[in-house]
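Hi everyone, thanks for coming.

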Amino acid sequence: MDNIKHRGLRKRLVQQLAHKGNFDPKVMEAMLRVPRHLFIEPSFLRYAYQDMAFPIGCGQTISQPFTVAAQTSLLEVAPRMKVLEIGTGSGYQSAVLCDMGANLFSIERHLPLHEQSKQLLEQLTYRPRLYYADGYIGLPTIAPFDRILITAAAPEIPQQLLKQLGDGGIMVVPVGEGKDQEMIKIRRCGDQFQTENHGAFSFVPMLKGRE
Ligand code: SAH
């Protein structure tokens with residue numbers, strides 16, 4: 001399932017990422033542990049440890065490792081934080097967050113992806129709460145969250161999700177409708193929202209409703 005060859009490829013990938021950006025060491029450690037090859041089709045093993053996005057079915061992609069490293073570092077995750085992820089997809093980003101000790105809630109709008117990621121994350125003994133639902137609505141009955149991570153491109157900052165961010169909380173969201181999006185980090189301080197732009201990334205779109 002996860003052998004010495006996979007671990008070697010993973011180490012090389014993480015070393016490459018460390019040269020490309022200044023990432024949170026705790027994120028790098030989690031990426032060293034999570035077996036990314038299990039989140040894509042077994043016949044495409046050789047792509048699992050390259051720094052690229054890859055199709056996962058339903059017209060969606062597993063995020064590029066660089067993007068996972070960047071988004072998760074910006075999120076400033078610490079153990080036991082309540083984290084909401086929009087776009088479970090393959091479940092890889094979810095596994096990284098769980099590995100870092102997050103108390104994770106993750107929403108996916110495609111049923112096959114929700115079911116596949118649920119099965120795999122259980123096998124790997126990660127315990128996120130996974131929902132087949134529209135992420136635009138979030139989880140108002142479970143809010144507030146310490147952290148909110150959106151892994152699909154939002155046309156604008158989703159206001160309903162912003163309301164579910166607790167005081168001192170951080171949201172990371174790629175915003176924009178074209179080919180590229182701006183990575184926006186928002187920190188809530190009481191009724192104030194401080195916004196930073198962390199440059200261009202490329203995501204599949206965040207869409208309304210369930211499939
Ligand atoms: N975090 C994922 C990234 C998958 S791509 C991974 O590591 O594999 C983004 C995902 O967001 C897709 O699976 C897409 O179906 C999902 N998505 C898009 N809009 C959504 C919405 N409104 N609610 C929930 N999921 C959504």
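**Salt bridges and a ligand**

Okay, let's start with Asp 2: with a relative accessibility of 27%, Asp 2 counts as partly exposed, a label used for anything between buried (under 20% relative accessible area) and exposed (over 50%), with a 1.4 Å probe and protein chains only. Before I go on, a word on the model: it is predicted, so local features need pLDDT of at least 70 and side-chain atom pairs count only at pLDDT 80 or more, while totals for chains, interfaces and linings use all residues. Residues are numbered from 1 along each chain as its sequence is written, and side-chain values use heavy atoms, with hydrogens and water left out.

Back to Asp 2. Its side chain meets that of Arg 7 in a salt bridge, at 3.9 Å from N to O; the rule is a side-chain nitrogen of Lys or Arg within 4 Å of a carboxyl oxygen of Asp or Glu. Arg 7 is also partly exposed, at 44%.

Helices (H or I, at least four residues) and strands (E, at least two) are DSSP runs, numbered from the N terminus. Lys 20 is partly exposed at 46%, whereas Asp 51 is buried at 16%.

Next, look at Glu 211 and Arg 109, which form a salt bridge at 3.2 Å, N to O. Glu 211 sits in the segment after strand E9 (192–201) and Arg 109 in the loop between E4 and helix H6 (111–123), so here the parts being tied together are 102 residues apart in sequence.

Now for Asp 134, in the loop between strand E5 (129–132) and strand E6 (145–150). Asp 134 is buried but has no salt bridge, and the nearest side chain of opposite charge, Arg 109, is 5.7 Å away; for charge, Lys and Arg count as positive and Asp and Glu as negative, with His and the chain ends not counted. What the side chain of Asp 134 does reach is the backbone nitrogen of Gly 209, at 2.9 Å.

Last stop, the ligand. A nitrogen atom of the ligand is 2.7 Å from a polar backbone atom of Gly 135. A backbone N or O atom of Leu 207 lies 2.6 Å from a ligand nitrogen, and a polar side-chain atom of Glu 85 is 3.2 Å from a nitrogen atom of the ligand. How much of the ligand does the protein cover? The answer is 99% of the 570 Å² of accessible area that the ligand has on its own, using the Shrake-Rupley method with a 1.4 Å probe. In the shell around the ligand, E2 gives the most, with three residues.

How values were computed:
A polar contact is a pair of N or O atoms within 3.5 Å; within protein, one must be able to donate a hydrogen and the other to accept it, and residues adjacent in sequence count only if both atoms are side-chain atoms.
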